[in-house]
Amino acid sequence: MLLSDLEVILKIAEHRSITAAATHLDMRAATASAALKRVEKALGAEIFIRTTRQLRLSSTGERYIPECEKALLLLEQARQNIKEDLDVVDGELRITLPSDLGRNVVTPWLDELLDKHPNLSLRVNLSDSQIDFYRDSVDMALRYGSPKDVGFYGFKICDTQGLLCASPEYLEEHGIPQHPHELPAHNALFYQLYDKTHDVWEFTKDKQTHKVKMNGNRASNDSDLVKHWCIEGKGLAVKSCLDLSNDILAGRLIPIMTDYQVKQNELWLICPSRQSITPAVRLLRDTLREKCAELINRLSI
């Protein structure tokens, strides 16, 4: 009995669908179906009850699947232990990244990592939306904010300071605001997610908080586009210092009202479980921590 066949069986059990399991594993449905038939033949019993509308576990399957999961987990842990002993870093990194941070900051770091470790491969999903590890076929997510699901496992990468920024051209034309009460006179560029527009900006100084309801003529669910508008001089934006780092260092954007603190956030690398943390994931975690610390230090915020 092939281990790869058992992995297919577990995916079929997870999705209750041969087609969905095949899609997740990047194989044809006929290949997944053949794997199921081989396992059932070896067992001498059906694992699933098939109907025209659904696939469900048989009584044999209900007993067999949990034991199969345990066996594969033990084998995978043994394989990872050997890799750690040999200091081997390989496999595929399937990660989802925030659109702006991923495209403009993190992707070059990943390129460096693959250059140093040629046995690694990479699959990147760029999205600001909430991740579904099973639907989106990724093994980890780099996200602002700590994990909300108690079943997930994560590593804090760094604290990230929010910044209010604008292009030199915008500030030359419209002036530089010095106090939160001056901000409504300016055009705001909004980040919008799940139909919620983040149009109330919060600033703190000397333990006093100012909440400002902003007005603006542009909003997007793509944080990279919001920054692009800001660079083009279309208005003011509030974003993470990491997102803005390259543009601040290059002089394309200028932080303003820096004596007021914008809400701080945390950057996390999130995995679906402790078992999914491989030597490659730990290497990525350490790389992200090092690179983010260096970049924040260069900004001197």
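**Entry 1: end of helix α1.** I looked up the residue after α1 and found arginine 16, whose phi is positive, near 55°. Helices here are DSSP runs of H or I with at least four residues, and strands are runs of E with at least two, numbered from the N terminus. The helix itself covers residues 3–15, and its 13 residues reach 19 Å from first C-alpha to last, close to the 18 Å expected at 1.5 Å a residue; the expected span is 1.5 Å times one less than the number of residues. I noted Asp5, Leu6, Val8 and Ile9 among its buried residues (buried is under 20% relative accessible area, exposed over 50%, partly exposed in between, with a 1.4 Å probe and protein chains only).

**Entry 2: basis and confidence.** The model is predicted, with local features requiring pLDDT of at least 70 and side-chain atom pairs pLDDT 80 or more, while totals for chains, interfaces and linings use all residues. Residues are numbered from 1 along each chain as its sequence is written, and side-chain values use heavy atoms, without hydrogens and water. I recorded an average pLDDT of 88, with 95% of the residues scoring at least 70 (pLDDT is the predictor's confidence in each residue, from 0 to 100). Confidence is lowest in helix α4 (residues 59–86), at a mean of 76, and highest in helix α6 (residues 168–174), at 97.

**Entry 3: nonpolar cores.** I took a core as buried Ala, Val, Leu, Ile, Met, Phe, Trp, Tyr and Cys residues joined through side-chain atoms within 4.5 Å. In the largest, of 39 residues, Leu142 and Leu269 touch the most other members. Elements giving two or more residues to this core include β5 (140–144), β14 (261–271) and α9 (279–299). Helix α9 gives the most, with seven residues. A second, separate core of 20 residues includes Ala21, Leu36, Tyr64 and Ile65.

**Entry 4: aromatic rings.** My search of the whole structure returned two aromatic pairs (ring centres of Phe, Tyr or Trp, the last by its six-membered ring, within 6.5 Å; planes under 30 degrees apart are stacked, over 60 edge-to-face, the rest tilted). Tyrosine 153 and phenylalanine 155 have centres 5.5 Å apart and planes at 85°, so the pair is edge-to-face. Tyrosine 153 is partly exposed at 26% relative accessibility, whereas phenylalanine 155 is buried at 9%. For phenylalanine 190 and tryptophan 201 I noted 6.2 Å and 75°, again edge-to-face.

**Entry 5: charge over a ring.** The charged end of arginine 285 sits over the ring of phenylalanine 155, 4.8 Å from its centre; the criterion is NZ of Lys or CZ of Arg within 6 Å of the ring centre and within 35 degrees of the ring normal.
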